[in-house]
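Thanks, everyone. Let me put the model up, and then we'll go through a helix pair and a pocket.

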Amino acid sequence: MILFGHLLLANDSEECVTQPGTVRVDDGIITEVNLGDSPKHFDIGGPDALISPGFIDTHLHLPQFDLIGAHGMPLLQWLGEVTFPSEMKWADVDFARAMTDRVVDQLISVGTTGVAAYATVHHESAAAAIETLAGRGVRGVVGQVLMDRQAPADLCRSAGQLIDEAARLQSMFPAGNRVSAAVTPRFAISCSGPLLESAGKLAAETGAIVQTHLAETRQECELVQQLFNQADYVDVYRDAGLLTDRSVLGHGIHLTASDRRKLQQSGAVIAHCPTANSFLRSGSMSWADLNRDSVKLALGSDIGAGYERSMVRVARSMIETAATLGEQYPTAAQAWYAITAGNADALSWSDAGRIVVGASADLVVIEPTIPWQTGASPPLAMLMFAWDDRWITKTLLNGGRE
């Protein structure tokens, strides 16, 4: 299969650029990338098409796609009144499997080919979600949520049971697979100290990605201090062994300079979720502060507090949020990098997020209906700010067409 168009390419400055060229795909792998070519024959694309690596979402909740739009509540109230009741439905494995399949349809429609996702506390349903993603060809890490307190009884389990189940998932879907299991304590409020420590040990033993939330709201931060003997939120995770270069921490809005220094030293990643932050009125994360202090950043939709499924729209929100806070904000070229190569790097996916020989052929074919190459604006800025999901004409997962 040969794709032709303007290729979205990552550079060493953590930006994306476009160059005309062709991509050859054989058996799900990119086998040739030829720049400047105008081929006599091609299968997909065209002279006005953009060929992009598939978009990657580093923070979303599979059970929450059906509750997008539950507006007007702060985080802890929203969890109690909207999220937890929705997650209880995943006690039915068939429901969880069918919902995950519907979610995949939505992801593919907006060009998302890789995810870091939360399931629920239900072990069998988490396994079914992983199997469904794998069966559809989506790349991902998915975690059974770990909670043993501060949640409805139907969603709490003993620490021992949760760790045993999480360990079984690691055996079934180990790190390094196209879809693997993550170690996923929901956040410090819903996890006892022993559960966090056991999760940290399991992640260290298996090399799994760790997913959790950090400093999303001030109320949450205050409650964590009450529950953990006035310890700082970042220290709670660090002391439990959950702050490493394999940790992806959602939000990171309310962080001190000391917090940012510890995050930088650990190599942990903050998954910035700008649409969810505004939706729940949690605050605005300072992209400039974290960038200045060399904290690793990724980008996530955080569905269903986040209301945008499209990672291009989430990237645009990142720019807009940072621009309202000050003079330093990412460019469109940096934002395109964030949702492709940047997010792949955050998840240690060496063969994703880039159009290079040897990478998996997770590709998106975009055919804009505007003159994006000849307008007054830089082409990538025009595409981002004029974005229309209908421009996506094909999504390839591992070389297969969807």
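At what angle do the axes of helix α11 and α12 cross? Roughly 130°, and they come within 9 Å. Axes here are lines fitted to C-alpha atoms over the stretch in contact, with angles from 0 to 180 degrees between N-to-C directions. So α11 and α12 are oblique to each other; that is the class left after under 35 degrees (roughly parallel), over 145 (roughly antiparallel) and 65 to 115 (roughly perpendicular).

Two caveats. This is a predicted model, where local features need pLDDT of at least 70, side-chain atom pairs count only at pLDDT 80 or more, and totals for chains, interfaces and linings use all residues. Residues are numbered from 1 along each chain as its sequence is written, and side-chain values use heavy atoms, without hydrogens and water.

Who makes the contact (heavy atoms within 4.5 Å)? From α11, M311, V312, A315, M318 and I319; from α12, A332, A335, W336, A338, I339 and N343. By class, that is 10 nonpolar, one polar and no charged residues.

Now the largest pocket. A pocket is an open set of points on a 1 Å grid, probed at 1.4 Å, with protein on both sides within 12 Å along at least five of seven lines; lining residues have an atom within 4 Å of a point. Its space is about 550 Å³, counted as what probe spheres set on the points fill. The lining has 22 residues, with E14, K296, L297, Y337 and G342 nearest the centre. Helix α12 gives the largest share, seven residues. By class, the lining divides into 11 nonpolar, seven polar and four charged.

How values were computed: Helices (H or I, at least four residues) and strands (E, at least two) are DSSP runs, numbered from the N terminus. Ala, Val, Leu, Ile, Met, Phe, Trp, Tyr, Cys and Pro count as nonpolar, Asp, Glu, Lys and Arg as charged, and the others, Gly among them, as polar. Contact means heavy atoms within 4.5 Å.
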